[in-house]
Amino acid sequence: MTIIEYEKSKFIKEKRDFELVDTKNIFLKGYNSYDGIKTFFGIWQNKEYLVIVTIISNRTISYEYSLNKGIYTDNYIREYLENNDYVESISKEEFKEKFENILKKLEI
């Protein structure tokens, strides 16, 4: 069990905690703090990589991956929490469904 402490605003100092079971297998849903757009965030390990993906408004996807599966992921999670409101954990299946919907649109 890991607890990530993060600062919600640079102008109003408010510390918050978010409890996680596994920082290398996490799926979150929230709303962008600036415009209220729904976002999704996931970190997982596959056979070769540690993958970090952010989906914004079902249109924008950003990702990173590392061959080193032992990298420290707390900072990625903290950044997501600081920039999104009403964040909650979701199932791998719910995240995968959103991810696959974007991949279908990119089909060649």
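Trainee: K29 forms a salt bridge in which the closest N and O atoms are 4.0 Å apart; which residue is the partner?

Mentor: This is a predicted model, in which local features need pLDDT of at least 70, side-chain atom pairs count only at pLDDT 80 or more, and totals for chains, interfaces and linings use all residues. Residues are numbered from 1 along each chain as its sequence is written, and side-chain values use heavy atoms, leaving out hydrogens and water. A salt bridge is a side-chain nitrogen of Lys or Arg within 4 Å of a carboxyl oxygen of Asp or Glu. At 4.0 Å between the closest N and O atoms, the partner of K29 is E88.

Trainee: How many residues apart are K29 and E88?

Mentor: Strands (E, at least two residues) and helices (H or I, at least four) are DSSP runs, numbered from the N terminus. K29 belongs to strand β3 (residues 26-32) and E88 to strand β7 (residues 84-89), so the pair links distant parts of the chain. Their separation is 59 residues.

Trainee: Which residues are joined with K29 into one network?

Mentor: The side chain of K29 also meets that of E94 in a salt bridge, at 3.6 Å from N to O. This pair, too, links distant parts of the chain, with E94 in helix α2 (residues 92-105). Through shared partners, the salt bridges join K29 into one network with E88 and E94.

Trainee: What is the relative accessible area of K29?

Mentor: With a 1.4 Å probe and protein chains only, buried means under 20% relative accessible area, exposed over 50%, and partly exposed in between. E88, at 40%, is partly exposed, and so is E94, at 28%. K29 is buried, with a value of 15%.

Trainee: Within what arc do the buried residues of helix α1 fall?

Mentor: In α1 (residues 74-83), the buried residues are D74, I77, Y80 and L81. The arc is taken from the directions from the helix axis to the C-beta atoms. The buried residues line one face of the helix because, seen down the axis, they fall within 125 degrees.

Trainee: D74 is buried yet has no salt bridge; which side chain of opposite charge is nearest?

Mentor: Lys and Arg count as positive and Asp and Glu as negative, while His and the chain ends are not counted. Leaving aside neighbours within four places in sequence, D74 is in contact (heavy atoms within 4.5 Å) with T2, I4 and T23. The nearest side chain of opposite charge lies 5.1 Å away and belongs to R78.
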